[in-house]
Amino acid sequence: MARLHLPLIPSGEITPEPVYLNRRRFMQVGTAAVLAPLLPSAQAADPLAGLAPLSSRPGPFGANEPLTDIAAVTGYNNFYEFGTSKTDPAENAHTLRPHPWSVTVTGACAKPANYTLEDLLKGQALEDRVYRLRCVEGWSMVIPWVGFPLSSLLGRFQPTRNAKYVTFTTLYDPEQMPGQRRSVLPWPYVEGLRMDEAMHPLTIIAVGLYGRVLPNQNGAPLRLVVPWKYGFKSIKSIVRISFDETAPTTTWNRAAPKEYGFYANVNPAVDHPRWSQKRERRIGELFRRDTLPFNGYAEAVASLYQGLDLKRNF
Amino acid sequence: MPASLWRIGVWGLLILPALWTIIGLQRGSLGPDPVEALMIASGIWALRLLLLTLAMTPLQGLSGWVWPLTIRRQLGLAAFFYALGHLLVFAVFDQNLDPAAAWREIVEHKAVWLGMLALALLLPLAITSTRGWIRRLGPNWKRLHRLIYPAAILAAIHFGFQVKADLREPLIYGAILTVLLVVRLPRGWQRGSRTPGHTTIS
């Protein structure tokens, strides 16, 4: 009978798991180092050229992470009002005229009116807010916004007790927003927040980024930023704010109700029906990293959703 | 032109999209998310080459030219290689070479497993594309290679599943595929009834 010789490895020679994991990590970092020169470097031209500088003071909640390159922040956008590819907004948004601008405030509040942009910004101390932005498509950025808490804006309109939700609407003008000539989405773009989400100190209105006035393709002249929700909640180029008793039907929710919910909180435990939300690619990095619950802001916002089934209310 | 030179020339053309993408990667002109750009380029070229492969037989039938049939095998193989590259980018950069994560992704999302299934169908076709296999399989070779139809349909659906709202592009590819499949129908009937000697290689 033939004897079978198995190469016996003394247990002491088997790679312990931490070392093995370290090696994996080393190989990933090593591969990244080799491939790093392949990553795009900053463009020579200043993407913020011609945009006025803003004076602001450091604000709370700063993400202590490397900022995403300006060229990516201003050149890789989802803003379907200017086309559906990532480069369309930067190419086409020059037709948007952010000045003069006004916002209609309506619904359950004591001071409904048509406010000019200057009215709205008067007395608002601008803050730097470095936030992570996680797109529902599975990529993310770290963006230095300039803005102010939404609560300090909404407070001025004196919402009444009936104001349970706040609804935002983007400009509808196919002349300025050529992407609206095709009905890829039901225009105008509508988004909304529960009142407590809107009044949360993390929620801001951004009027700038990287210390300058907001470029058109990023939602000039004023946009919402809700960092613990998928990017599509952070509605751009707002012309209408309404205080409502019931939740609005938001645009992506209307377009595909099974895929995009009203809440749209960043949640690695609840996948998009067609792709995973467990990991994300930070723009500028090659490999994916783990997506954090509420995009890493769980400590600040998880309490808003106590008792709410986040799988059903995605 | 000698056949081998002709074949090298065709391979030279078929490698261009890959070359173009790699140069773009090096120059940093693929945009802020080069991995996504690689995924899109490899996937779309796999689908385009599948459609081109399927277009060769009708083109030969319409024009009477012979060359479409002589390059068909190369087109099909190139489609397979681009699809393989697509899978490689997915495995390395999207799944960080983590087999468990990749497996979860494949079984949990039909958008992904439809694509995997399409590639799995192409694998035996790529393997049996040699002269030796054509001889060995005889009439079964043709039967086996009809798997390109379901593979192309799956690939087109897989593409449609990637899109959030703007279905224009997937619909164009779907329409082309439909035409390429429909023009085969009457020929299939003909072959079954009247013209047994007709040399359709579909």
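Start at the second largest pocket, which has a volume of about 760 Å³. To find its centre, select L69(B), R72(B), R73(B), Q74(B) and W141(B), the closest to that point of the 28 residues in the lining. A pocket here is an open set of points on a 1 Å grid over the protein atoms alone, where a 1.4 Å probe fits, with protein on both sides within 12 Å along at least five of seven lines; lining residues have an atom within 4 Å of a point. Now colour α4(B), which gives the largest share of the lining, eight residues. By class, the lining has 16 nonpolar, seven polar and five charged residues.

A word on what is on screen: this is a predicted model, in which local features need pLDDT of at least 70 and side-chain atom pairs count only at pLDDT 80 or more, while totals for chains, interfaces and linings use all residues. Residues are numbered from 1 along each chain, chains are lettered from A, and side-chain values use heavy atoms, without hydrogens and water.

Next, show chain B as a cartoon: you will see eleven helices and zero strands. Helices are DSSP runs of H or I with at least four residues, and strands are runs of E with at least two. Of the 202 residues of chain B, 42% count as buried, meaning under 20% relative accessible area, with exposed over 50% and partly exposed in between (1.4 Å probe, protein chains only).

Helix α2 (residues 16-27) of chain B supplies three of them, while I15(B) is in the loop between α1 (3-14) and α2.

Where do the two chains meet in a salt bridge? Pick D94(B) and R281(A), 2.5 Å apart, N to O. A salt bridge needs a side-chain nitrogen of Lys or Arg within 4 Å of a carboxyl oxygen of Asp or Glu. D94(B) also pairs with R288(A), at 2.9 Å. R288(A) lies in the loop between β12 and β13 (289-290) of chain A and D94(B) in helix α4 of chain B, so this pair joins two chains. Both R288(A) and D94(B) are buried.

Last stop: D46(A) and R212(A), a salt bridge of 3.4 Å. D46(A) sits in a loop and R212(A) in strand β9, so the pair ties together parts 166 residues apart in sequence.

Note on methods. Points joined across faces, edges and corners; volume = space filled by probe spheres on them. Nonpolar A, V, L, I, M, F, W, Y, C, P; charged D, E, K, R; others polar.
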